Amino acid sequence: MADKYVAKAVEDEGKLKDICILYDDKTKHMWGKYGPRNEETLAAKADPIKLQLLVGSGIGIAAEYILQAGRPLLILDCEQPILAATDLKNKFKTHSNLHWIDTSSPEKAVHHILELKKQFQLEIDILTIPFYLRLSPFYAETIRRISGSSEQKQQVQTWPKFQSEKPRILLLTSQYFLMGEIVSACERQSIPHMFINMDAKVMDLNLFVSKISSAINIFRPDFVLTVNHLGVDQEGVLNTILHEYGVPLASWFVDNPLLLLPLYQAQASPNTTIFTWDTDRMGSLKKMGYDNIFHLPLGTDQTRFTPGKGCRNPAWKRDISFVGNSMVHKTARRLEAAQPSGALEQRWKEVAHEFGLKSEPSVTNFLRTDYPELLSDYENLISPYRKLAFETLIIWQATLEYRLSCVKKTLEYSPLIVGDNGWNKLLKDDNNWDYHSELSYYEDLPHFYPCSKINFNCTSQQMKGAVNQRVFDVPACNGFILTDHRYQMENLFEPGKEIAVYYDIKEIPDQIAKYTTDSKTRTSIIKAARKRILAEHTYDNRISTLIKCMRATYA
């Protein structure tokens, strides 16, 4: 974020009390209401027999407090917009014992700081204004290198990892559905675990640091686990804390990591291991700097999706049904967030259509090869959030078109379509289908899947080779699924024996006709699929695999 924001000084009776910055249409405050008091508290923590390194000049109160005591002070601050707003360099220019480190290179900053340490012959005392850790990973990385240098004492207590047969896992929880399955899998296998609720959209940085640090000190985990990087901050604070304690991070992506990780790219390190449900993403993740990458497909919770659930609502009984989002509203929201202009605004639907026809999983790579003339308009989006919104827009629109073309092939069999009301818009001219509003994943779907002779499935265009959740859940509760072929499927099921597939949308009507009338084959495939799932594709299996990978990487 550095130098890509506007900084404004906030004064009260002529005295600086806070800094606010405007970035990507969002306003953030350095301290908020109690800026002066917070900096006084920070300065009071200074060790008088050490050389103070102040990370961030802030509103100047902490710096002034230390300088008035006559002690030398180092300030690490390369935020030119903030320095211009506060004018602190000019204010403190008469203090000969103040040394500014304003390079944006961690290597140069560390070299300068260690040279000054040698000059003063004092140990370094690091005082951090937390806001600077949010501004740029540069500060966290510099602190890490200073703290990890042979000349600086270790700041926290560490412990040996992976010493027990069953490792201790600290879970960063969220409302994402998969975390509940992970917790249940850990409980069934007696794996020690603790979870921190990170659902709050906005959490005070000091509270965030305190919450994480306390959990680590109390629970002493072997590693931290999250899903889709939820709970990991873009500023790098969590990664800095984990690195200090020597605790690795496992992040299991069950959605497209390329639509999120570019915001965290500067945090790629050996301390983070990425698990992805889609092998097509592994090469791109490697290019982003992640060295530890493993394939970990989706699975099912065999205690939720069980044959005993049965069809509980006779109104759900159909020859064929489909559960899925229309993508109408999702696409509209991404278009609004991306705000494409120029040729990009005129041609995004064309791009999405062609993207859906190709095997390339990356939107940016697709633009480079097939639409190079649009790259300049894409780059003009500037904000990484808008770029990722545009990539998501292309994927969601491609999914909308593909999903609609597949579902239309089922209409002659009067399907029941379950999802958002966007389906009423897409199929407003077709009457040979019934609509049902969205069902609860946990409460309804285990009872819904056994109601249909065929549960129809067409995979999102965010994964062109991997399979989705439904492929595991439907057979687990004795439902039959007919799905589009994905090449990664062969490593999970045997097509034709353990799963019914169509290789082209033209095959859909004939496949429906075949399986609706052949109950014996349906039963045989369901039985074989469920046997395979219980043996290899439960979340118990997935957590066991994840643990093995983490142990092999970090033990």
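## Salt bridges and a helix pair

Asp278 counts as buried, because its relative accessibility is 0% (buried means under 20% relative accessible area, exposed over 50% and partly exposed in between, with a 1.4 Å probe and protein chains only). Arg281 is buried too, again at 0% relative accessibility. These two side chains meet in a salt bridge, 3.5 Å from N to O (a side-chain nitrogen of Lys or Arg within 4 Å of a carboxyl oxygen of Asp or Glu).

A quick word on the model: it is a predicted one, so local features need pLDDT of at least 70 and side-chain atom pairs pLDDT 80 or more, while totals for chains, interfaces and linings use all residues. Residues are numbered from 1 along each chain as its sequence is written, and side-chain values use heavy atoms, leaving out hydrogens and water.

The structure has 19 salt bridges. One of them pairs the side chains of Arg347 and Glu373 at 3.2 Å, N to O. This one links distant parts of the chain, 26 residues apart: Arg347 sits in helix H13 (residues 342–357), and Glu373 in the loop between helix H14 (363–370) and helix H15 (375–379). Helices here are DSSP runs of H or I with at least four residues, numbered from the N terminus.

Then there's Asp370 with Lys358, whose closest N and O atoms are 2.5 Å apart. Asp370 belongs to H14 and Lys358 to the loop between H13 and H14, so this pair ties together parts twelve residues apart in sequence.

| Residue | Relative accessible area | Class |
|---|---|---|
| Arg347 | 23% | partly exposed |
| Glu373 | 43% | partly exposed |
| Asp370 | 30% | partly exposed |
| Lys358 | 35% | partly exposed |

### H12 against H16

Helix H12 (residues 328–338) and helix H16 (residues 384–408) have axes that come within 8 Å and cross at roughly 155 degrees. That makes H12 roughly antiparallel to H16 (the label applies to angles over 145 degrees, on a scale from 0 to 180 degrees between N-to-C directions). The crossing is left-handed, that is, the near helix is turned anticlockwise from the far one by less than a right angle.

On the H12 side, the contact includes Val328, Lys330, Arg334 and Leu335; on the H16 side, Arg386, Phe390, Trp396 and Leu400 are among the residues involved. Contact means heavy atoms within 4.5 Å. The contact residues divide into nine nonpolar, three polar and three charged, with Ala, Val, Leu, Ile, Met, Phe, Trp, Tyr, Cys and Pro counted as nonpolar, Asp, Glu, Lys and Arg as charged, and the others as polar.

Technical notes
Helix = DSSP H or I, 4+ residues; strand = E, 2+ residues; numbered from the N terminus. Parallel < 35°, antiparallel > 145°, perpendicular 65-115°, else oblique.
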